[in-house]
Amino acid sequence: MAVETLLDRPEYIRQLKSWQGQNDLIKIVTGVRRCGKSKLFELFQRQLQLDKIADDSQIVSINLEDLIQTRKIGLTEDTEHFLVGYEKLLDYILERLNPQKINFVFIDEVQLLRDWQKVANALRLQKNVDVYLTGSNAYMFSSDLANSLGGRYVEIKMQPLSFLEYYMAYRLMAGDTLRTRQDFLKFGDFQAAYEHYIRESGFPQTLKMLYDRQHISDYLRDTVYLNTVQKDIVKRFNIADTNKLDAVVKYMFDNIGNETSVRSIERGLNAGGHKISVPTIDRIIEGLLDSFLMYKCDRYDIKGKQYLDSNSKYYVADIGLRTAMLGIKDMDAGHILENVVYLELIHRGYEVSVGKIHKGSKLVEVDFVAKKSGGIVEYYQVALNVLGSELLERELAPLEAIDDNYPKFLLTMDYGSGENNGIKRLNVLDWLLGQV
């Protein structure tokens, strides 16, 4: 019960509550499969009832992955494995609306329904209906939303557990009975929790597996990975050779944080004995990005203030998933930490890119340029440690080359904090936990 209470995901509940009542906007929660979207809807429905905003008669909840429920509605699958019969779904919902009150309609995994946008738009136009959807594939939303919904939607991007969310669960599962976030953060073995986090995953379901790494790995490979690639990549691109797909995925997972192009991936795979064409690699990467299994981080010219076309970096949605696919031998601790920081910046609402800037005649890299709406910019370097003066100078150099006055941070595993020429040095675990 304690772990369930902990996983309320308060930040996402806060975002849903901030849009609740704006009935002319469809609220869409997107994210990788099994990151907790369905559970979030359950929690939000409970919150609506606790706040006395709605009772059972005002809530209609449908999960399109639930075969029993979809058959009850009358939905069937077509030859491409989409559910068809959106009119039946719309009739089913309309029959259950309370005409005297505001109704809250929740539809899980809406991308499984062909012409889903017609249902969403019809419900949005009802003055007494507040619509909430979840989706696990960006491809299904791109053109449909822009063209059919006329921009009348907001997207809430959901991820597996952040390190802070995982750490709170870790403490509870260790038997702690403290009740507030501040209590949990006063005396904690942050390093031990971090090691569990990167090996055992931030997917919520894995917390119930009590650190059983074999069980967790099986779940991540079979339920998360295979389920996602089968539904979102294999069927969509008609990929017959799943060995090629796995080879590309493992290569991408193994090269998080490295500048990568499709050509360099082709060369790397060929060197490993995998003959895979550039178009096939390109399709697989598109599928990984659209299914939220990976993120693309483009390069950005800091001085020229423009994005660069070539050699982006890629980061995986969950380090534990990477561990399940690649194992724990020779784990690249530096790039893993960089990946965790990237995910945290995304979680905090930043648009993130890799910075490039000239220091004299040399082009140097700033790990992350993080932007928020309103023009706020922050610069981040990430390193395991900078205990030697030579290491410190090397990590500071890219930040020192930036001549604007936006905040600059160096995040490391070193204990304590400090400042060098206006650049703040912070312990990365403290930063991840929101303590600095």
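The report below takes the sheet, then the helices on it, then the cores.

This is a predicted model, in which local features need pLDDT of at least 70, side-chain atom pairs count only at pLDDT 80 or more, and totals for chains, interfaces and linings use all residues. Residues are numbered from 1 along each chain as its sequence is written, and side-chain values use heavy atoms, with hydrogens and water left out.

**Sheet.** An open sheet is built from 5 strands in the order β2-β5-β6-β1-β7, with parallel pairing. Strands are DSSP runs of E, at least two residues, and helices are runs of H or I, at least four residues, both numbered from the N terminus; two strands pair if DSSP finds at least two bridges between them. At the edges lie β2 (59-63) and β7 (153-157), each pairing on one side only. Strand β1 (residues 26-30) is joined to β7 by 5 bridges in the parallel sense, and I26 has Y153 in β7 as its bridge partner.

**Helices on the sheet.** Two helices pack on the sheet, as tabulated. Contact means heavy atoms within 4.5 Å; angles run from 0 to 180 degrees between N-to-C directions of lines fitted to C-alpha atoms, for helices over the stretch in contact.

| α3 (residues 37-50) | β1, β2, β5 (103-108), β6 (129-135) | about 170° with β5 |

**Cores.** A nonpolar core is a set of buried Ala, Val, Leu, Ile, Met, Phe, Trp, Tyr and Cys residues joined through side-chain atoms within 4.5 Å, where buried means under 20% relative accessible area (1.4 Å probe, protein chains only). The largest has 97 residues, of which Y194, L345 and F368 touch the most other members. Helix α11 (residues 213-237) gives the most to this core, with 9 residues. A second, separate core of 28 residues includes L64, V110, L123 and V131.

Key
Buried < 20%, exposed > 50% of the residue type's maximum accessible area, 1.4 Å probe, protein only.
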